Amino acid sequence: MQIIVTGHGNFGTGIESTVKLLAGSIPDVNYVDFSANMNEENLADEFESLLKKDAKAVFFCDLIGGTPYKQAVYKKESYDVAVIAGCNVGSLLEVGLQTNLSGASDVHLVAQNLVEAAKNGIQEFGVRKTQILDEADEDGI
C-alpha cells in the first residue's frame, strides 16, 4: 500500500519538504503536485504510473472537489483506493511513521486513521476540548 500526497501548486512537494525536515523520508509515501503547467490528463497519468507499481493507495488531498481529489476518485473504478481531503503534516507524520504501509491491507482503515489524526491535531492554544463542550452545555446547546 502507498499514500499519495497530492494537491494544487506545490502542495505535495511542500508537504514532502516539511516531512523530510522533521522526520526524514516515510517509506511508501509519494508526492504529486498539480502545477500550473499541468492539465487533468497529466495528473491522471502521474497517478496511473504510481498505481501500476502498487494498486492499493490512500490519496491524501488538499481540498475536497479540486482536480487532484476528482482524479483520485476516478481511480477508485480500477484500483483499491481511498480518497481523503483536508490533510495536514501532523496526520501524515503520525500515521506514516506508525504504520507499516507495505504490510497494510485495508486502505479505508489507513484513511480513517489519517482523518482521526488530522481531527485530533487541530486545536486552539490554551483551550481544551472539554472546556468548549462545557460552555456549550451551559447555554443549553
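Colleague: Which elements make the right-handed β-α-β unit?

Modeller: A crossover counts as right-handed if, with the strands pointing away from the viewer, the path from the first strand over the helix to the second runs clockwise. Here the unit consists of E3, helix H3 (residues 67-74) and E4. Helices (H or I, at least four residues) and strands (E, at least two) are DSSP runs, numbered from the N terminus. This is a predicted model, in which local features need pLDDT of at least 70 and side-chain atom pairs count only at pLDDT 80 or more, while totals for chains, interfaces and linings use all residues. Residues are numbered from 1 along each chain as its sequence is written, and side-chain values use heavy atoms, with hydrogens and water left out.

Colleague: What is the order of the strands in the open sheet?

Modeller: Strands of a sheet pair through backbone hydrogen bonds, either parallel or antiparallel. Two strands are taken to pair if DSSP finds at least two bridges between them. In this model the order is E2-E1-E3-E4, with parallel pairing. E2 and E4 are the edge strands with a single partner each, so one side of each has no neighbour in the sheet.

Colleague: How many bridges join E1 to E2, and which residue is the bridge partner of Ile-3?

Modeller: E1 and E2 are joined by 6 bridges, and Ile-3 has Val-29 in E2 as its partner.

Colleague: Is E3 largely enclosed or open?

Modeller: Buried means under 20% relative accessible area, exposed over 50%, and partly exposed in between (1.4 Å probe, protein chains only). In E3, 5 of the 6 residues are buried, so this strand is largely enclosed by the rest of the structure.

Colleague: Which residues touch the most other members of the largest nonpolar core?

Modeller: In soluble globular proteins, nonpolar side chains tend to be buried together. A nonpolar core is a set of buried Ala, Val, Leu, Ile, Met, Phe, Trp, Tyr and Cys residues joined through side-chain atoms within 4.5 Å. The largest one has 24 residues, and Ile-3, Val-5, Val-58 and Leu-92 touch the most other members. H5 gives the largest share, 5 residues. A second, separate core of 15 residues includes Ile-4 and Val-83.

Colleague: What do the buried residues of H4 pack against?

Modeller: Contact means heavy atoms within 4.5 Å. The buried residues of H4, among them Leu-92 and Leu-93, pack against E1, H1, E2, E3 and H5.
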